[in-house]
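Colleague: I would like to learn how to read the features of a model like this one. Please take them one at a time, with the general idea before the case.

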Amino acid sequence: MIKAPTARLDRLLANLGYGTRREVQGLIGAGRVLLDGKTLRDIGQRLPVTADLAQRMTVRGAPLDPPSPLTLIIHKPLGVVCSHREAGRSLYELLPDRWRARDPVLSTIGRLDADTSGLLLITDDGGLLHRVISPRNHVAKRYHVTLDRPLEGGEAALFAAGTLVLEGDTAPLAPARLEPLAATTAYLTITEGRYHQVRRMFAAVGNHVTGLHRDRMGGLDLPGDLTPGAFRISTESEIAALFAGK
Ligand code: URA
């Protein structure tokens, strides 16, 4: 069995965003931190950091926030940006305030444009983040695309050929799968994550994307119960599904 890492109580709470080391030491001193119903008093006590701490520990009477590693599935709504640096309402504002003060920080696995909705993962697990975005792992991303003009018929073969070079790029795109649904709607599945890739692919064939929604990554579908803006902690099987393909 893999042994859980341990952390000092005061550092654990500070890293989960409960305050500075001094502030959380105050909380512990005031008897506001309990484990299995017993008050913890020793700020330097080392605890195994296991996922069940969220059920066993309370801070000010409320369950402890989920410890790291934490991965969330979120239904990104339209109109929010994924990067801390971009102007506009940030996706991170949808998370509880305290979660924005965590160390390690929560970041999105890849990005969706402000005008794109759908399946997005947020994690503080750097290893997972790199496994998902690494081109070597070919995690496919499926988008439901709505177009300004009807498809002409040659797009699927062009996208599948792996020869299309987008404006401003030097390397051709990897093959992508286009599945037309109606004259102006289709699924497009890509394995790369170039800047504005889907929009630029359709611009390259003289069309214009008017709606973009990601509904699948690898073998993981956007859960039907997640409304735009909603998120939840992902399960291990959902993470495994990312690498399972579909
Ligand atoms: N391609 C785009 O153009 N935008 C996205 O948000 C994702 C893929």
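Modeller: Start with accessibility: buried means under 20% relative accessible area, exposed over 50%, and partly exposed in between, with a 1.4 Å probe and protein chains only. Thr146 has a relative accessible area of 28%, so Thr146 is partly exposed. This is a predicted model, in which local features need pLDDT of at least 70 and side-chain atom pairs count only at pLDDT 80 or more, while totals for chains, interfaces and linings use all residues. Residues are numbered from 1 along each chain as its sequence is written, and side-chain values use heavy atoms, with hydrogens and water left out.

Colleague: Where does Thr146 lie, and with which residues is Thr146 in contact?

Modeller: Helices (H or I, at least four residues) and strands (E, at least two) are DSSP runs, numbered from the N terminus. Thr146 lies in strand S10. Contact means heavy atoms within 4.5 Å. Leaving aside neighbours within four places in sequence, Thr146 is in contact with Thr184, Thr185, His208, Val209, Thr210 and Gly211. Thr189, 43 residues from Thr146 in sequence, is 14 Å away in space, C-alpha to C-alpha.

Colleague: How should I read a nonpolar core, and which residues have the most contacts inside the largest one?

Modeller: In soluble globular proteins, nonpolar side chains tend to be buried together. A nonpolar core is a set of buried Ala, Val, Leu, Ile, Met, Phe, Trp, Tyr and Cys residues joined through side-chain atoms within 4.5 Å. The largest here has 31 residues, and Val145, Phe159, Leu188, Val198, Met201 and Phe202 have the most contacts inside it. Two or more residues of this core come from each of strands S7 (71-76), S9 (116-123), S10 (141-147), S12 (185-190) and S13 (209-217) and helix H6 (197-204). The core lies between domain 2 (71-135 + 227-241) and domain 3 (140-217), because both give residues to it; domain bounds come from an automatic or database domain assignment. A second, separate core has 19 residues, including Leu12, Leu13, Leu27 and Val33.

Colleague: What does H6 pack against?

Modeller: The buried residues of H6 are Gln197, Val198, Arg199, Met201 and Phe202. They pack against S9, S10, helix H5 (155-161), strand S11 (177-182), S12 and S13. Not counting residues up to four places away in sequence, Met201 touches Phe159, Leu166, Leu173, Ala176, Leu188 and Ile190. Just after H6, Gly206 takes a positive phi of about 80°.

Colleague: Is Asp10 buried or exposed?

Modeller: Asp10 counts as buried because its relative accessibility is 0%. Asp10 lies in helix H1 (residues 9-15).

Colleague: How much area do domain 1 and domain 2 bury between them?

Modeller: Buried area is the accessible area (1.4 Å probe) that two parts lose on being put together, summed over both. Domain 1 and domain 2 bury about 450 Å² between them, with 44% of it on carbon and sulfur atoms. Of the area that domain 1 buries against domain 2, Asn15, Leu16 and Gly17 supply 77%, more than any other three residues.
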